[in-house]
Every structure is written in structure tokens, then in C-alpha cells.
Amino acid sequence: MTNHSNIDFQTWLTAIQTRTEHTLSQLIPSENIVPQRLHAAMRYVTLGGGKRVRALLAHAAGEFCQAPANKIDIAAAAVEMIHAYSLVHDDMPCMDDDDLRRGKPSCHKQFDDATALLVGDALQSLAFEILSTPELHTNQHQLKILHLLAVASGSRGMAGGQAIDLASVGQSLSQTELEYMHIHKTGALIRAAALLGAYCSPSEHADRVRAIDQYAQNIGLAFQVVDDVLDAEADTKTLGKTAGKDADANKPTYVTILGIVRAKELSKELLNEAIAPLKAYGEEAIRLVQLAQFITERDF
Ligand code: GRG
């Protein structure tokens, strides 16, 4: 197990991003393997981009629970695969219809609609395959890990949140309704990322898992509030995706409901709620606290 506690945050972040890229590159079949085009597209959407927030959460929570880094790598890669699949499908003309993702043409633009559909399907399957492959991820909490990720990405999690999002275009939502949608669409996978990291530990750590759960639920919402602020304030080049998309699509956001000033205040309140249960752990929780600050103070 790597002890990262004496490494500064930026160095830690880069190290986790690098090892996540490496793990994904090892686990996704080469573009030389049949069907080459599908494998090329799976690698195109997964490698060489993204902040890797979910992998970082898995590692920060896993380290907090003394989980072995090589087990967390597999959990982190699985969550990043589910995330990449969700972005590919979200960008398709039948959903958000966006031509740009991570600073390059989105999957259906670079390849075609049918390939984009299959990329999502195949990445989702691969995520569960790697988590259930004994040589990769034997772990006493394995069934719990598989169940958590399945629920978080299905109709009672991310896919359900996406369905609510699509149905809410042009509707006026209350803050509570908006929150419900985001808890599912974005929050469920973010929560799962952190909990999967924690469950990579061979020990129980029930109190720490509870603290991580409160942390992750608040960070999931804060992530979305910040995303809405950035969508309203940042430019397309900085974001690597089309800015101002939500307002153009007549979608309710935290900025449209609360205004920009209150939305920024809310992200700070959620940050404080997230890190409150970690205070008791002092330096042991430093990585989770730093990561929460990174997520809420980011400008891309
Ligand atoms: C299609 C089943 C299905 C679900 C799609 C998450 C999602 C559900 C759609 C993404 C739409 C979107 C842009 C939501 C805003 C929050 C979000 C998930 C942003 C993208 O995540 P980042 O910023 O992306 O972590 P990177 O590229 O850094 O990995």
C-alpha cells in the first residue's frame, strides 16, 4: 500500500490521474483486436482526458480506509468506464446533442451514432467484468461493490436521473426537484466512487464509511452546483465542452433557480457539510478534504 500522506496534493492528484490512465489503457482492449473500430472508440472516449474526479474520490476514500492501491485502481477504472459511457450517450443527438467533449469531437461525431451506442454498452459491461474478475479484484466486499455500482448507474441512480433531466427541459423545477434530479444523475456515481474505494479495504471501518457517505453525498451535489456555475460563467475552450448549453436548452439549473451569487454560496455550504464528519480524523482525512476543495474551487 502506498502512503501518500507526505506528498503534496498536486503531486498526489497527478499520480492518481496517471495510474488511472495506465489501468484503463491496460484493461480496455487494443484497437488491433476485433472489432477494431469499437475498441478504438472505447479507447478514444476513455483515455487521454477528463479530470478523473471519480477515480480520485475512490483513491482518497480507499486510502482513508487503508485499502490496497491496486484494488482501488480496478474500482476507480470501473467507475471511470461507467462515467465515460454516460458522457458518450449524453452527447448523442437523442439526448444532449453535443459535438464537443473533453476538448475533442464527441464519440458519435468522431465515429458514428451506432458506434457511440455500442461504446456505452461495452464500457458498462467491461466495468462489471473487471470488478468481478477474480485475478483482478478478489475482495471480501466484492458483491457489495458490484451491487452498489449497479444501483448507482441504473434507473434508481444515474440513468434515472438522466431520464428526469430529459423530462425537465422547459419545465420550472423547485430547488428540491432539481436536487432530486442531480442526486441521481451525477451524485449517485460520485457517491459510489467514494464508497467503492472504501469497500476495497479488507476491514469494516463502519464509522469511516458513514463519514465518507455524508462527504460524498454533499460533494456530489456541490460538484453539480459548481458545474452549473461554470456552465454559466466559463468559456467553451476552458471547459472542453460547449459552455452555456443548459441555458440554451432551457434547462433549469442552480444558477437559473438561485442566481449566481447564491449558487456559489451553496457550493461552499455543501463543502462544509461534506468535510464536517471528517474533522474528527484530522490529518488522516486530509486527502478527502483537499479533494473536496479541489472539486468546489475548480474553474474547468
Ligand atoms: C446517458 C445514462 C446516461 C447518463 C448521463 C452524468 C450524465 C448522465 C450526463 C452528463 C451530463 C453532464 C454534463 C452533467 C454535468 C455534470 C457532469 C457529470 C459533468 C461531467 O463530469 P466531469 O466534469 O467530466 O467529471 P470529466 O470530463 O472531467 O471526466
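Q: How many cavities of 30 Å³ or more does the structure hold?
A: A cavity is a space where a probe fits but cannot get out. This predicted model holds 2 of 30 Å³ or more.

Q: Which residues line the largest cavity?
A: Lining residues have an atom within 4 Å of a cavity point. Here they are Tyr44, Val45, Ala84, Leu87, Val88, Asp91, Arg101, Arg102, Lys104, Pro105, Ser106 and Cys107. Helix H2 (36-46), helix H4 (69-90) and strand E2 (104-105) each give two or more residues to that lining.

Q: Which element gives the most to the lining?
A: H4 does, with 3 residues.

Q: What is the lining like by class?
A: Sort the residues into nonpolar, polar and charged. The lining of the largest cavity has 7 nonpolar, 1 polar and 4 charged residues.

Q: Asp91 is on the lining list. Is Asp91 buried or exposed?
A: Look at relative accessible area; under 20% means buried. Asp91 has 2%, so Asp91 is buried. Asp91 lies in the loop between H4 and strand E1 (100-101).

Q: What does Asp91 touch?
A: Set aside residues up to four places away in sequence. Asp91 then touches Asp97, Asp98, Arg101, Ser106 and His108.

Q: Where does His108 lie, and why does His108 count as buried?
A: His108 lies in helix H5 (residues 107-110). Its relative accessibility is 7%, so His108 counts as buried. Beyond its neighbours within four places in sequence, His108 is in contact with Asp91, Met92, Pro93, Asp97, Asp98, Asp99, Asp113 and Ala116.

Q: Which residues of H15 are buried?
A: They are Ala263, Leu266, Ser267, Leu270, Leu271, Ala274 and Ile275. Seen down the helix axis, the buried residues of H15 fall within an arc of 160 degrees, so they line one face.

Q: Which exposed residues does the face turned away carry?
A: Val261 and Lys268 are the exposed residues on the face of H15 turned away from its buried side.

Q: What do the buried residues of H15 pack against?
A: They pack against helix H10 (175-199), helix H11 (206-233), helix H14 (254-258) and helix H16 (286-297).

Q: On to the backbone. Which residues does a cis peptide bond join?
A: Check omega. At the bond between Val34 and Pro35, omega is about 0 degrees, and the bond is cis. Pro35 lies in the loop between helix H1 (9-27) and H2.

Q: What is the phi of Arg52, and where is its place?
A: Phi of Arg52 is near 65 degrees, a positive value. Arg52 sits in the loop between H2 and helix H3 (53-64). At 4% relative accessibility, Arg52 counts as buried.

Q: What is the phi of Arg102?
A: Arg102 has a positive phi of about 55 degrees, although it is not a glycine. Arg102 lies in the loop between E1 and E2. Its relative accessible area is 22%, so Arg102 is partly exposed. Arg102 is also one of the residues that line the largest cavity.

How values were computed:
Residues are numbered from 1 along each chain as its sequence is written. This is a predicted model: local features need pLDDT of at least 70, side-chain atom pairs count only at pLDDT 80 or more; totals for chains, interfaces and linings use all residues. Side-chain values use heavy atoms; hydrogens and water are left out. On a 1 Å grid over the protein atoms alone, a cavity is a set of points where a 1.4 Å probe fits but cannot get out, and a pocket is an open set with protein on both sides within 12 Å along at least five of seven lines; lining residues have an atom within 4 Å of a point. Grid points are joined across faces, edges and corners, and a volume is the space filled by probe spheres set on the points. Helices (H or I, at least four residues) and strands (E, at least two) are DSSP runs, numbered from the N terminus. Ala, Val, Leu, Ile, Met, Phe, Trp, Tyr, Cys and Pro count as nonpolar, Asp, Glu, Lys and Arg as charged, and the others, Gly among them, as polar. Buried means under 20% relative accessible area, exposed over 50%, partly exposed in between (1.4 Å probe, protein chains only). Contact means heavy atoms within 4.5 Å. The arc is that of the directions from the helix axis to the C-beta atoms.
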